[in-house]
Amino acid sequence: MDRTHTCGELRAEHAGEKVCLQGWVWHRRDLGGLIFVDLRDRSGSVQLVFNPEEAAEAHVIAEEWRAEWVVLIEGEVAERPPETINEALPTGVVEVRVTRADTVAIAETPPFLIEEDSGALEDLRLKYRYLDLRRSPLQRVLRLRHKMSIAVRNYLDEQGFYEIETPILTRATPEGARDYLVPSRVNPGSFYALPQSPQLFKQLLMISGFDRYFQMARCFRDEDLRANRQPEFTQIDIEMSFVEPDDVLRVTEGMMRCLLEVAGLPADPEFPRMTFRAALDRFGSDAPDTRYGHELQDVTDIVRGCEFRAFSSVAESGGAVKALCWPGGGTAGRGRLDKLVELAKSQRAQGLVWVQHNEDGFKSPVAKFLGDEILSVLCEVTDTGQGDALLMVGDDWEIACLTLGAIRKKLAGWESWIPDDGSFNFCWILEFPLLEKSEEEGRMVARHHPFTSPHIDDLEMLESDAGAVRSLSYDLVLNGMELGGGSIRNSKDDIQRRVFTALGMAPEEAQSQFGFLLDAFKYGAPPHGGIAMGYDRIVMLLSGEKSLRSVTAFPKTASATDLMTAAPAAVDEEQLDALHIALDLPDGSGD
């Protein structure tokens, strides 16, 4: 019996047709004579009816069926009696009167219910992911993911891009996150690295003259996981020649409008732009959630010269005092205020100053040092009225901004500032710093990656004040989450070498690590730039899911393990010997 239809496609217009269906038994109800079975496949479900008077042999077979058995039936589609119509199902107006049935595979009782909400713990569902994937929510999301990937390919094809695959086995790079290393059996002592991105290869494709490249690229980063991060992920990787930032942004915006349409969402959003400095100054974040206001205010000049030395000394030393109004915070208890203070300290700030403004005046541990006159001006400038609280941080400008940005985000959760209207607020963040000082490494490191072009207006500061150099970079943010980022690249070897030097990389080291790229620049490199968009994050946000694990077929846990296959796992000595690897484990085991 060959399948003629899927379960979820049957409608009233199919009434009277002979059909053959295959799928999984979802629900079975034995009413003592008639047996009703909901048969399910990836397209949906349909009700089967087994009548012993019409098909006795099929009825006997159906008596044995249990949940998740794989079965096959033949029968005739019939309209349901009006009183039995199920309006909640697309197939709810029909049923299939079975004439023949067969059991394809018997199933044990699943460890959890295969329902919209299984009620099972996530670890159990990840261990039996192949069963979890039978649930309709996951199937809907993965179907949407498929449709969106087709839309990306079609859109970029129409824009003149070629899809080109780049190597998975490549060489390790000294910048960025940790690499996953792969030992080479035929080159003892040498290692490949799994790519963190196809960055260098896509630049080489531009030098090769391909002009417009894209790839649904698999990438790998050995770093700590969060709800919006996995050790292996997919990014929409794009590179273009003869472009400026506006060209890349325009292509990306068109792609996002296309994806919104596929997801059934309003497809004509605004894409406002702001610089990195403006984003931190206003929202305290380089990935600001602009669905709500409550912006930061700079009050440095107001407290300059005041008696509160923690603020006046910051102002004198070139730092900043940033302020945030907390509407209704005037009645907040000490417990909540202490939590905000601890949050501020966790952001490397020296502390948090709070002032509660109520009918009987100002309440604050530092009220006597600031005085009523300055406090009144501060409240007036920040619109902090009676019943509100004013929160302030004085520190290095970036630390002060980021600290209040973290507090703004915390308050948004406490006070439900984020509108519950399903809105999608995009924004571009431009001109990130090219380099930043890493306290951990004690040197300058790339803010994005070392191949990003310095802003032409700041090029002269590369040797004298590298930390102040802006870059021709851009991130696309949606509802407070970075979707992706990119930049115009260095296309001249002299500028690229200057950037390597600013990073503390000796010329010999730069040539050893990236000589193939520097050599390629000598043969005519076009100006080029691109962007890498986190495809998993895009699907997660546009589908309304909260975790990347919900939009990935076989995800890892927060500890980067696969509970289903028990990976990573030990390998036997023979495999290690072939790779010339000896283990020296922390617990003392190994050779």
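1. Helix 1 (residues 56–64) lies across strand 1, strand 2, strand 3 (44–50) and strand 5 (94–105), where contact means heavy atoms within 4.5 Å. Helix 1 runs at about 65° to strand 5. Axes are lines fitted to C-alpha atoms, for helices over the stretch in contact, and angles run from 0 to 180 degrees between N-to-C directions. Helices (H or I, at least four residues) and strands (E, at least two) are DSSP runs, numbered from the N terminus.

2. Please keep in mind that this is a predicted model, in which local features need pLDDT of at least 70, side-chain atom pairs count only at pLDDT 80 or more, and totals for chains, interfaces and linings use all residues. Residues are numbered from 1 along each chain as its sequence is written, and side-chain values use heavy atoms, with hydrogens and water left out.

3. Now to the barrel: 5 strands close into it in the order 1-2-3-5-4, with mixed pairing. Neighbouring strands of this sheet are turned by 55° against each other on average, direction ignored. Two strands pair if DSSP finds at least two bridges between them.

4. Strand 1 (residues 18–30) and strand 2 (residues 35–41) run antiparallel and are joined by 6 bridges. Within this pair, Arg28 stands opposite Val37 in strand 2.

5. Further along, the axes of helix 13 (residues 493–502) and helix 14 (residues 507–521) come within 10 Å and cross at roughly 160°. The two helices, helix 13 and helix 14, are therefore roughly antiparallel to each other (angles over 145 degrees count as such).

6. Asp493, Gln496, Arg497 and Phe500 in helix 13 meet residues of helix 14, among them Phe514 and Leu518.

Note on methods
Parallel < 35°, antiparallel > 145°, perpendicular 65-115°, else oblique.
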